[in-house]
Structure formats: structure tokens, C-alpha cells
Amino acid sequence: MSGISSTEHDAAERTDAVVARPRPTWWVKLIAFAACLLTLWHVGASFLWIAPYSALREIPTQQVLSGYMLPMFGQSWSVFAPEPINGDYHFNVRAVIEKDGEEVETGWVSATDVELSMIRYNLMPPRAGIQSSEVASGQMNAFNKLNADQKAIVGLDFAEGDGEAWMVRSFDELEGDNPSTEAYMAEEHLSTAYATQVAYAIWGADAVIKVQYRVSRQNVVPYADRNDPGAQRPDPTFSTTGWRLPIEEEGQSRENFANTFRSQFERIQP
């Protein structure tokens with residue numbers, strides 16, 4: 001027997017194993033380096049996107065930042081002071097459909113309730129759970145910038161002929177400049193296209209003749225009344241819109257939207 005104990009022998013073997021461990025190959029180093037660069041870029045881009053606007057944003061340019069952050073990583077200071085989010089938006093849809101040879105008006109469906117059910121109690125919520133809220137927010141913000149005459153036009157039915165072009169001509173016929181109508185028409189188009197997909201998903205594309213959407217916003221209990229057990233949320237406000245012809249964007253997948261939305265809609269029905 002040699003004079004080396006078993007403990008010393010084990011320690012020597014471990015030392016040899018450490019010494020013999022192969023060094024990382026060049027491609028492992030390359031992947032690790034790329035991962036570090038990606039992490040640094042993501043942290044830096046998120047900081048520039050969330051922070052108040054400054055000249056630093058022009059280093060990668062605003063277009064590059066928005067292209068990277070939206071739609072997957074979008075966030076803002078609106079969840080924090082000094083002006084945190086203090087209300088809920090809802091997007092409701094109804095349609096006139098053809099049923100047994102007759103035109104039938106459906107009831108309202110809350111697209112927002114359907115989508116929120118996708119993310120409630122979900123540890124990995126899908127992006128699809130907030131689409132209607134974002135559409136509703138954009139539409140109402142643009143609607144609130146219109147004057148009384150412009151809002152009256154939005155409340156009319158544009159479900160025949162050339163639809164949106166007819167609405168634009170109606171805006172143009174008003175006296176004076178209408179700087180807010182162009183911005184509104186972009187939100188109007190998006191909202192109608194979204195309402196179309198919801199209607200197609202629920203009642204079927206072949207049955208839908210025209211659609212109508214309704215956007216509402218309801219503020220939370222005022223901060224000053226937060227400790228009042230009897231405090232009630234203020235009544236919701238609405239943007240009044242009329243009936244619209246269905247709109248579909250080029251490249252949209254009617255089938256994919258319907259598969260996602262309709263399955264969730266049926267799941268939450270009582």
C-alpha cells in the first residue's frame with residue numbers, strides 16, 4: 001500500500017478533473033457575447049423608451065426604438081405618479097346579420113371582457129388580452145378632440161356606398177379647419193376593422209351585413225374618496241358612433257382571429 005490516503009486520492013482526482021476541463025469553444029463564446037449584447041440593448045432601449053423624452057432617444061432614433069419596443073415590449077410611466085391610469089376602457093360590438101332571409105340586429109358583446117378573460121389568473125398572459133382596450137383608448141382620445149359638429153357626424157350611419165369616404169366628405173363640408181378629423185379617421189378605421197373581426201368571429205363572415213362599435217371609459221373611485229366605504233365609481237362616458245360597413249385589412253387572417261376570439265368567447269359564456 002502507498003502512503004496516500006483515500007481522501008488525498010479523491011482530492012487529486014478532482015484537481016485533475018478541474019485541470020482537464022475543456023475550455024469553451026469559439027461558438028459558445030460567440031453565443032455568450034451575443035446574449036450579453038442583446039441584454040445590454042434591451043435594458044438600454046427599455047430605459048430610453050420609459051424615461052421622459054430626451055436627446056438620448058435620437059442615438060438609436062425614435063423610429064428604431066418604437067420598432068423594437070412595439071408591440072411586444074411597450075410600456076410607459078402611465079402606471080405611476082404623477083398621473084397614473086385612473087379608468088377602464090371597454091370596446092363593445094354588435095352587428096346586423098342575415099338570418100333565415102331576414103336582417104336581425106344582435107345584442108352588444110364586450111370584446112374587452114372576452115380578452116381580459118384570457119389574461120386573468122394567467123401567469124403567462126397573451127398579448128391578445130389587451131388589444132380591444134388599446135383600440136378603445138385611441139378611439140376615445142381622438143373622439144374627445146372633435147368639436148360638437150364633428151362628433152355629430154361620427155354618430156351618423158355610414159353603412160352604405162363608400163363608407164369612410166362619405167364620412168370624410170361630411171367632415172370637409174363643415175365650415176372652418178378640421179385639424180382633428182384626420183387623426184380621428186385613422187382611429188375610426190382601426191376601430192371598425194377590429195369590430196369587423198369580432199363580428200365575423202362571433203356571427204360568421206357570411207352573415208354580417210354591418211357593424212357598430214361602442215367605446216366607453218369609466219373612471220375609478222376618486223382618490224379623495226378612497227376610504228369612503230360607500231364611494232361609487234363615476235358613470236362611464238361614451239363615444240357615440242353609428243353603423244359601419246365591415247372593413248378588413250390586407251394580410252389579416254380572419255381565421256386565426258376567429259379561432260382565438262371565438263373559443264374564448266364560448267368559454268366564458270354562462
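**Figure 1. Which side chain meets that of Arg244 in a salt bridge?** The partner of Arg244 is Glu188, at 2.5 Å from N to O; a salt bridge here is a side-chain nitrogen of Lys or Arg within 4 Å of a carboxyl oxygen of Asp or Glu. The model is predicted, with local features requiring pLDDT of at least 70 and side-chain atom pairs pLDDT 80 or more, while totals for chains, interfaces and linings use all residues. Residues are numbered from 1 along each chain as its sequence is written, and side-chain values use heavy atoms, without hydrogens and water. Arg244 belongs to the loop between E5 and H9, whereas Glu188 belongs to helix H8, so the pair joins parts that are 56 residues apart in sequence. Arg244 is buried at a relative accessible area of 3%, and Glu188 is likewise buried, at 1% (buried, under 20% relative accessible area; exposed, over 50%; partly exposed, in between; 1.4 Å probe, protein chains only).

**Figure 2. Overall arrangement of the protein chain.** Nine helices and five strands make up the secondary structure of the protein chain; helices (H or I, at least four residues) and strands (E, at least two) are DSSP runs numbered from the N terminus. Their order from the N terminus is α-α-α-β-β-β-α-α-α-α-α-β-β-α. The protein chain has 270 residues, of which 30% count as buried. Among its contacts (heavy atoms within 4.5 Å) with a separation of 6 or more, 63% are between residues 24 or more positions apart.

Figure 3. The whole structure contains six salt bridges. In one of them, Asp88 is joined to Arg233, with 2.8 Å between the closest N and O atoms. Asp88 is part of strand E1 and Arg233 is part of the loop between E4 and E5, so this bridge ties together parts that are 145 residues apart in sequence. Asp88 is partly exposed, with a relative accessible area of 35%, and Arg233 is partly exposed at 33%. A further salt bridge connects the side chains of Arg169 and Asp162 at 2.9 Å, N to O. Arg169 is partly exposed, its relative accessible area being 41%, and Asp162 is partly exposed at 40%.

**Figure 4. Nonpolar cores.** The largest nonpolar core comprises 36 residues, and Phe91, Tyr184 and Phe261 have the most contacts inside it; such a core is a set of buried Ala, Val, Leu, Ile, Met, Phe, Trp, Tyr and Cys residues joined through side-chain atoms within 4.5 Å. At least two residues of this core come from each of E1, helix H4 (111-119), helix H5 (131-143), helix H6 (148-154), helix H7 (164-172), helix H8 (181-203), E4 and helix H9 (254-267). The greatest contribution to this core is that of H8, with nine residues. A separate core of five residues lies apart from it and includes Ala45, Trp49, Leu65 and Met69.

**Figure 5. Surroundings of Thr106.** Thr106 occupies the loop between strand E2 (102-105) and strand E3 (109-110). This residue is buried, with a relative accessible area of 12%. When neighbours within four places in sequence are set aside, the contacts of Thr106 are with Arg94, Ala95, Ile97 and Trp203.

**Figure 6. Surroundings of Pro126.** Pro126 is placed in the loop between H4 and H5. At a relative accessible area of 34%, Pro126 is partly exposed. Excluding neighbours within four places in sequence, Pro126 is in contact with Met118 and Ile119. The C-alpha atoms of Pro126 and Glu115 are 9.4 Å apart in space, and these two residues are 11 residues apart in sequence.
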